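Grab a pencil and open the viewer.

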Amino acid sequence: MIEEFKNLTQEEVEVMYKVPVLVSILIAGADNDIDRSEIKQAVSLSKTKQTKAREDLINYYKEAGKDFEDKMKVMIQQYPVRAEERNPLIISELERLNSILPKLDNKFAQEFYSSIKDIAKKIAESSGGLLGYMAVGYEESKLIALDMVKDPAK
């Protein structure tokens, strides 16, 4: 467990480690179809974040990124197939961050928040548009801001 999580319960720690997968599934599946390019993008991001994240987050992403693709596939199976059934469940999980982030060091919480928004944006851009680049679909655009999570800077 990373140092920043010392004030959290075991359940809260587990939520924190699930967040990158939850965000990935939420955004990738917003249009009801989690396609291969979105899964590949999520896995790639999890690897990149282990070395290129903000310095305070590297240890977090090293832990959260272990077996990322397997975790993502397992979690996809655990949720309903249809977005209108799946998304409210994932949103509810992500809303738990609103009680967890205030327990963390404020700088870490803000960097974490920015980082998960970055994940959402990159996954949304990974599918669709001209040759699959730089386009965010309508369903994804409604979720990409992760409005269910309060900005810890405010």
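Tyr60 and Phe112 are both buried, where buried means under 20% relative accessible area, exposed over 50% and partly exposed in between (1.4 Å probe, protein chains only). Before you start: this is a predicted model, where local features need pLDDT of at least 70 and side-chain atom pairs count only at pLDDT 80 or more, while totals for chains, interfaces and linings use all residues. Residues are numbered from 1 along each chain as its sequence is written, and side-chain values use heavy atoms, leaving out hydrogens and water.

**Exercise 1. Work through the aromatic pairs, including those of Tyr60.**

Step 1: Rings of Phe, Tyr and Trp (its six-membered ring) pair if their centres lie within 6.5 Å; planes under 30 degrees apart are stacked, over 60 edge-to-face, and the rest tilted.

Step 2: count. That rule gives 7 aromatic pairs.

Step 3: take Phe5 with Tyr60. The pair is edge-to-face, at 6.0 Å centre to centre with 75° between the planes. Phe5 sits in the segment before H1 and Tyr60 in helix H3, so the pair ties together parts 55 residues apart in sequence. Helices here are DSSP runs (H or I, at least four residues), as are strands (E, at least two), numbered from the N terminus. Phe5, like Tyr60, is buried.

Step 4: now Tyr60 with Phe112. This pair is edge-to-face too, with 5.3 Å centre to centre and 85° between the planes. Phe112 belongs to helix H7 and Tyr60 to helix H3, so parts 52 residues apart in sequence get tied together.

Step 5: join up the rings. Ring pairs link Phe5, Tyr17, Tyr60, Tyr61, Phe108 and Phe112 into a cluster.

**Exercise 2. Find the residues with the most contacts inside the largest nonpolar core.**

Step 1: define it. A nonpolar core is a set of buried Ala, Val, Leu, Ile, Met, Phe, Trp, Tyr and Cys residues joined through side-chain atoms within 4.5 Å.

Step 2: read it off. The largest one has 51 residues, and Phe5, Met16, Tyr60, Leu94 and Phe112 have the most contacts inside it.

Step 3: see who contributes. H1 (10–28) and H7 (106–125) are among the helices that each supply at least two residues. The largest share, 12 residues, comes from H1.

**Exercise 3. Is Ser115 buried or exposed?**

Step 1: locate Ser115, which lies in helix H7.

Step 2: check accessibility. Ser115 counts as buried because its relative accessibility is 1%.
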